[in-house]
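This report describes one protein model for a reader who is new to structures. Please look through the sequence and the model below before reading on.

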Amino acid sequence: MSETTNILVVDDEKEIAELVEIYLVSDGYKVFKANNAMDGLDILDKNEIHLVLLDIMMPGMDGMEMCRKIRETNNIPIIMLSAKSTDLDKIMGLGTGADDYVTKPFKPREFMARVKARLRRSAMRASAAEAPPSVLAARGIEVDTASHEARLHGEPLALTPKEFAILAHLVRRAGSPVPTAELFEEAWGAPYDSAASNTVMVHIRHLRQKLAAVDSSTTFVETVWGVGYRLRSDEQVRSGR
């Protein structure tokens, strides 16, 4: 794991906090420590923390209350640490918004597996949030790049893989002229050459025919002379541009 992965350990038992730090540092993590909830919240506010390991039984604000405070503004993964092992204690801990519950004393291998699992799930959630949507839409056309399905006004379009790739790119760039070379390289994944222009033109013709079979009232794919092709955006259609 990268050394830039920061983990906050909040535990009033110095020996436990130091032991946890040894496990984490030996695996490449950077550790921040606090022996009470208020200091832990201050560290969390001032640093980029990727995971919180939080003891439940602490003087002053306990771990459950700190977890509630964190959840008011932050979705960071939290693992509760506690000497209590009853099902009720676990339910209460998870009910405050924690992601996992580890009972003390814990085995190093199991403990590190829990830590890595929570970090991995958090990274997957972040990646999914940042990923572009799989469904592209414009002019009544919907292209689902995940399922490789395309529809016009809800009607399925039977497209070849190259036609699908061309349409997806036109919808993605709706409103802007897309150079022929860009369409070719996007759909074929090969360098553009002089013969490629005719290849794209033939596929555009077939694509237009399949779109017209569903809706012949308008031209969806326009030729932009000297450049390539364009799918007008919904806003352009409404404004008559």
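## A loop with a cis bond

P105 lies in the loop between strand 5 (100-103) and helix 5 (108-130). Helices (H or I, at least four residues) and strands (E, at least two) are DSSP runs, numbered from the N terminus. The peptide bond that joins K104 and P105 is cis, with omega about -10°.

This is a predicted model, in which local features need pLDDT of at least 70 and side-chain atom pairs count only at pLDDT 80 or more, while totals for chains, interfaces and linings use all residues. Residues are numbered from 1 along each chain as its sequence is written, and side-chain values use heavy atoms, with hydrogens and water left out.

## The whole chain

The protein has nine helices and 12 strands. Its C-alpha trace spans about 75 × 35 × 30 Å along the principal axes. The radius of gyration of the protein is 28 Å, whereas a compact globule of 241 residues would have one near 18 Å. This radius is taken over C-alpha atoms, and the globule rule is 2.2 Å times the number of residues to the power 0.38.

Of the 241 residues, 40% count as buried. Buried means under 20% relative accessible area, exposed over 50%, and partly exposed in between (1.4 Å probe, protein chains only). The accessible surface comes to about 13200 Å², and 52% of it belongs to carbon and sulfur atoms. Accessible areas come from the Shrake-Rupley method with a 1.4 Å probe; for residues, only the protein chains shown count as cover.

Contact means heavy atoms within 4.5 Å. Among the contacts with a separation of 6 or more, 56% are between residues 24 or more positions apart.

## Two nonpolar cores

A nonpolar core is a set of buried Ala, Val, Leu, Ile, Met, Phe, Trp, Tyr and Cys residues joined through side-chain atoms within 4.5 Å. In soluble globular proteins, nonpolar side chains tend to be buried together.

The largest nonpolar core here has 28 residues, and I141, V143, L167, L170, V171 and L211 touch the most other members. At least two residues of this core come from each of strand 6 (135-138), strand 7 (141-144), strand 8 (149-152), helix 6 (161-172), helix 7 (180-188), helix 8 (196-214) and strand 12 (228-231). With seven residues, helix 6 gives the most to this core. Apart from it lies another core, of 22 residues, among them A34, V52, I78 and A98.

V171 touches L136, A137, A138, I141, V143 and L231, when residues up to four places away in sequence are not counted. The C-alpha atoms of V171 and R139 are 8.6 Å apart in space, and these two residues are 32 apart in sequence.

## Single residues

Which residues does R139 contact, leaving aside its neighbours within four places in sequence? R139 is in contact with L152, H153, T218, T219, F220, L231, R232, S233, D234 and V237. R139 lies in the loop between strand 6 and strand 7, and R139 counts as buried because its relative accessible area is 9%.

P77 is found in the loop between helix 3 (63-71) and strand 4 (78-82). Beyond four places in sequence, P77 is in contact with H50, L51, V52, R71, D99, R118 and S122. One of these, R118, is 41 residues from P77 along the chain, and their C-alpha atoms are separated by 6.5 Å.

N6 has its place in strand 1 (residues 6-10).

P161 lies in helix 6.

H148 is in the loop between strand 7 and strand 8, and H153 is in the loop between strand 8 and strand 9 (155-156).

The table lists the relative accessible area of some of these residues.

| Residue | Relative accessible area | Class |
|---|---|---|
| N6 | 10% | buried |
| P77 | 2% | buried |
| H148 | 43% | partly exposed |
| H153 | 48% | partly exposed |
| P161 | 58% | exposed |
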